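Visitor: I am new to this structure and would like a close look at its inside. Please take me through it step by step, starting with any term I need.

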Amino acid sequence: MRDEYLVRALGPWRSTTAPLGAALATAVREALLDGRIRAGSELPAERRLAAALGVSRGTVTAALGRLRDAGWVRTRHGSASTVHLPPAATERIAPLSATGEAGSLVDLRRAVPAAPQELYLEATRRATERAGPLLAEHGEPGPGIAELRTAIAARYSREGTATLPEQILVTSGARAALTLLAAHFGPRTAVVETPTYFDALKVLRHSGARLVGCRVSTDGWDLDQLRDAFAGARGQLAYLVPDFHNPTGALMPPHARRAVAQLAARHQVTVVVDETLRDLDLRDEPGPAPRIPGAILVGSTSKSIWGGLRIGWIRARASLVRELQGHPLAGLLSAPPVQQLVAVELLADLEPVLGRRRCELRQQRDHLGNLLAGDDRWQFTLPPGGLVLWLRLRTALADTVVERAGRNGVALIAGPRFAVDGTLSRCLRVPFTPPRHVLDQIAGVLDDAC
């Protein structure tokens, strides 16, 4: 690691009252968790590092000693020190079903994380201890408890999208949010990406909408198809996933977001943006992408925390939130109040677990990418975020590969499941949520299946 890069990554680490050695150790830990330093990176030699940081070598020695004792740094005699996440700082990302530990099958049909257990259980304990006032209320469905709506609105505001609590409607997950929106708007036509999240296709089809697809690849969105699709859906609905798109992992660039906003205004199309994967930014220098102006935003804790925490939300103008709240389905799709209180606790301390997850996912993405790279039987692009690789097969049909992989203990989903028109027969979604030894197994099964 270059000296100047490390200095930038650590930032203003001296702005603390802690001793310099302790402050430096903390800065290295936080830079690793935030992704500013990659796990496995080599640190400069102590003398060089001290000179670059403008501190004594004793300060660097003390900091490295602290980090070494806690497992954040490993040093072998005659070799450079390298930074790592210690076992205590990591929790499993993949659920048992995706590792083969719950049976003989490595089930990758859902790209979902396991819960951060220690954080989740502690949040549940805190929520239970202060649930008395909530339990004394009627418990009937509503727009969401005030604390949670305030916490969600504050997250949007911190990211530059000024939001008031009355602009938030809490639901029992992102699918529930989309179900309510589809029921409210009742679109005759809905624009969707091809590929897209298969449960969204189910929801929109069930609402009676005719679905019009526009192509997305790992290289991005086909703007010509977007223009045609929006023109054909005048006055209706569009469902888009611009942030680490499911399943391609693509990130919509700012110019394409502006184009979507202009098309929506021109053709009076209501744009619903699914931001479920927005927190899983795996770029070397992560940062929030600009949002599509005027879009209705759907969020969820399913990928950033756990799918079993049935908390989602809609961010829209306050008048629309009031209309949605009055819909007959709103009560059925609302989230239990005590679970909402658990979400409040988790959202208050989410960044550390997100930092760890991003770091682990980045390493696992790169590991699977290295295993599959340089093979003429498929092509792919490492996604800038999300949970999956999107493979385009060159020598076999995806359904055939899925069937062969299933016989070898790995369950996958073929591309046509994500397509509105049953195309993408040579595409395959491969989650990189499992640990490395399971990714090794997955790569071997793909090798045999192709």
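Predicted model: local features only at pLDDT ≥ 70, side-chain atom pairs only at ≥ 80, totals over all residues.

Leu424 sits between the strands β15 (413–414) and β16 (427–431), in the loop that links them. Leu424 counts as buried because its relative accessible area of 17% is under 20%. Its backbone deserves a look too: phi is positive, about 60 degrees, although Leu424 is not a glycine. Most residues other than glycine have a negative phi, and most peptide bonds are trans.

Another loop, the one between β8 and α11, holds Phe244, whose phi is also positive, near 55 degrees. Phe244 is buried because its relative accessibility is 3%, under the 20% limit. Pro195 lies in the loop between β5 (189–194) and α9 (198–206).

The largest nonpolar core has 51 residues, and Leu148, Phe230 and Val271 touch the most other members. Helix α13 (residues 337–347) gives this core its largest share, six residues. Phe230 shows what such packing looks like: leaving aside residues up to four places away in sequence, its contacts include Val191, Leu240, Leu263, His267 and Val271. Apart from this core lies another one of 38 residues, with Leu368, Leu372, Ala405 and Leu428 among them.

Thr171 is buried because its relative accessible area is 1%, under 20%. Its side chain reaches the backbone oxygen of Gly173 at 2.8 Å. Not counting residues up to four places away in sequence, Thr171 also touches a set of residues that includes Ala176, Arg310, Trp313, Leu333 and Ala335.

Finally, we come to the empty spaces. Rolling a probe the size of a water molecule over the atoms shows where empty space is left. There are five cavities of 30 Å³ or more, and the largest cavity has a volume of about 180 Å³. Its lining has 14 residues, with Arg155, Glu275, Asp279, Arg291 and Trp313 nearest its centre. Both α7 (146–158) and β10 (296–300) give two or more residues to this lining, and the largest share, three residues, comes from α7. By class, the lining of the largest cavity divides into four nonpolar, four polar and six charged residues.

The largest pocket holds about 410 Å³ of space. Of the 19 residues lining this pocket, Glu159, Asp279, Pro288, Glu351 and Arg358 lie nearest its centre. Its lining takes at least two residues each from α7 and α14 (351–372), and its classes are seven nonpolar, one polar and 11 charged.

How values were computed. Residues numbered from 1 in each chain as written. Heavy atoms only, no water. Core = buried A, V, L, I, M, F, W, Y, C linked by side-chain atoms within 4.5 Å. Buried < 20%, exposed > 50% of the residue type's maximum accessible area, 1.4 Å probe, protein only. Helix = DSSP H or I, 4+ residues; strand = E, 2+ residues; numbered from the N terminus. Contact = heavy atoms within 4.5 Å. 1 Å grid on protein atoms, 1.4 Å probe; cavity = no way out; pocket = protein on both sides within 12 Å on 5 of 7 lines; lining within 4 Å. Points joined across faces, edges and corners; volume = space filled by probe spheres on them. Nonpolar A, V, L, I, M, F, W, Y, C, P; charged D, E, K, R; others polar. Polar contact = N/O pair within 3.5 Å; in protein donor to acceptor, adjacent residues only side chain to side chain.
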